[in-house]
Amino acid sequence: MNLAGVRSDVLAGIIVFLVALPMNLGIAQACGLPPVLGVVTGVTGGLMVAVLSPSRFAVSGPAAGLVTIILASAAQLGSYPQLLTAIVLAGGIQLLMGWLKAGRWIALVPGSVIAGMLAAIGIMLIVQQLPVALAFDKTHGQFSFLSLALTIVSLTILFGWDMSVVKRRRMLSMIPGPLLAVVCATAVLWLAADARSTVKTVMLPELASVTAWQAVMNHPDWQSALLNPRVWTVALTIALVASLETLLSLEALKKLKDQRPEPCANRELYAQGAGNILSGLCGGLPVTSVIVRSSVNVNAGARTRLSVLIHCLLLLAAVVWFSGIISLIPMPVLAAILIATGYKLAAPKVFLQQWRQGLFRFVPFLITLFGIIVVDMLSGIALGFVTQLLCNMLARSASSSPLRRKKAS
């Protein structure tokens, strides 16, 4: 690789790191876990996937789409070590899926079901993060006005940075929106000295020694978890949803950057499985290939996987040497980042797009969405899949009916 290529990869790695850091912290916090575990996930699982993935540009780490699953699974299993066991088992299931060449079956999942799943995740993200964004106190029925102000400032920046007037200006578009939101919200909090105590900030331990790392890293509970059928159900759910999100991300990435030869979906499942095994063993969250970070990587000019490796190493450096600075970040800005992510997944245009594709696409979309919200992820996807099959049968029956043929003639 020439010097220009290395320079491009280093710059892209720095930009991806600036986007990934607040996202990783916010996702772990949204799961009800210490924010540092989001960085642990990005360093361990993300680094493993970066080494093994067939894609040069895909960036893996904790995903907002799995927050709702982690929350429900943690409540169902009752302990984090059992959840870690499920994450390691999910990685094993992904390895098995890769060996069985299950990557090719992604094409069989109806688009309406995928859209319904993503929209449901978006709605649940927004609902879960509103109390954090407002710093709502259930005991006294009050919320922090400063937290509300920080949330509004952050959301204004995040949505404003997606406007075409900003994207057309190259210098502005190179600044990651999440990073700008974090910097501005932290500055506002620092200036509001009198009300600062009403806003929670990120709490990161000092991780400059091996002992400090061991203190924050939990480990799977093999003795009681392996015989628990609920652990296996959670593992299967994580494996299926994480694999689906990863393979969809790879498909979307193909439209952004041509790769020859094209990344093999089954090899990607191997990489994701290995990443989840390592992340679970180290106390981290599940990893997936994330299209937001991957697209940032491509747009920043990445040429090889060196950019992804640099982003992982910078995450490690951030929590080892700069945990004090990161601890100044207000929690409402992390909630705002996830709310903005949730809105993009469940924006009104998503519903309009599905409606325009006809009733036989819109109904399975809604069934999937409400099934996931009301029941759970796997049940909602199964309901949507069955509904789409029935709608396809009805569509064929309607198109082949005698009355329809008579009108056509």
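**Reading a nonpolar patch, a cavity and some local features**

Tutor: Helix 19 supplies the largest share of the nonpolar patch, with 4 residues. Keep in mind that this is a predicted model.

Student: Which residues make the nonpolar surface patch of about 720 Å²?

Tutor: A patch takes residues with over 30% relative accessible area and no salt bridge, and nonpolar side chains are joined within 5 Å. Here the patch consists of Leu-352, Trp-355, Leu-359, Phe-360, Val-363, Ile-367, Leu-383 and Leu-394. Helix 18 (348–356), helix 19 (359–374) and helix 20 (377–399) are the elements that each give two or more residues to this patch.

Student: How should I read the spacing of residues along a helix?

Tutor: An α-helix has 3.6 residues a turn, so residues three or four places apart point the same way.

Student: Is Phe-360 buried or partly exposed?

Tutor: Buried means under 20% relative accessible area, exposed means over 50%, and partly exposed is the range in between. Phe-360, in helix 19, has a relative accessible area of 35%, so Phe-360 is partly exposed. Phe-362 also lies in helix 19, but Phe-362 counts as buried because its relative accessibility is 14%.

Student: Where does Leu-52 lie, and how many residues separate Leu-52 from Gly-275 in sequence?

Tutor: Leu-52 lies in helix 2. In sequence, Leu-52 and Gly-275 are 223 residues apart, while C-alpha to C-alpha they are 8.9 Å apart in space. With a relative accessible area of 39%, Leu-52 is partly exposed.

Student: How many cavities of 30 Å³ or more are there?

Tutor: A cavity is a set of points where a 1.4 Å probe fits but cannot get out. The count here is 1 cavity of 30 Å³ or more, and the volume of the largest cavity is about 40 Å³.

Student: Which residues line the largest cavity?

Tutor: The lining is made up of Gly-46, Val-49, Ala-50, Ser-53, Ser-55, Ala-58, Ser-60, Arg-305 and Val-308. Helix 2 (residues 36–52) gives the largest share of this lining, 3 residues. By class, the lining has 4 nonpolar, 4 polar and 1 charged residues.

Student: Which residues of helix 14 are buried?

Tutor: In helix 14 (residues 291–299), the buried residues are Arg-293, Ser-294, Ser-295, Asn-297 and Val-298. Just after this helix comes Gly-301, with a positive phi of about 95 degrees.

Student: Where is Lys-101 found, and what is its phi?

Tutor: For a positive phi, check the residue type and then the element. Lys-101 is a residue other than glycine, and its phi has a positive value near 55 degrees. Lys-101 sits in the loop between helix 4 (80–99) and helix 5 (111–134). Its relative accessible area is 46%, so Lys-101 is partly exposed.

Conventions. Residues are numbered from 1 along each chain as its sequence is written. This is a predicted model: local features need pLDDT of at least 70, side-chain atom pairs count only at pLDDT 80 or more; totals for chains, interfaces and linings use all residues. Side-chain values use heavy atoms; hydrogens and water are left out. On a 1 Å grid over the protein atoms alone, a cavity is a set of points where a 1.4 Å probe fits but cannot get out, and a pocket is an open set with protein on both sides within 12 Å along at least five of seven lines; lining residues have an atom within 4 Å of a point. Grid points are joined across faces, edges and corners, and a volume is the space filled by probe spheres set on the points. Ala, Val, Leu, Ile, Met, Phe, Trp, Tyr, Cys and Pro count as nonpolar, Asp, Glu, Lys and Arg as charged, and the others, Gly among them, as polar. Buried means under 20% relative accessible area, exposed over 50%, partly exposed in between (1.4 Å probe, protein chains only). Patches are made of residues with over 30% relative accessible area and no salt bridge: like charges are joined within 9 Å, nonpolar side chains (Val, Leu, Ile, Met, Phe, Trp, Tyr) within 5 Å. Accessible areas come from the Shrake-Rupley method with a 1.4 Å probe; for residues, only the protein chains shown count as cover. A salt bridge is a side-chain nitrogen of Lys or Arg within 4 Å of a carboxyl oxygen of Asp or Glu.
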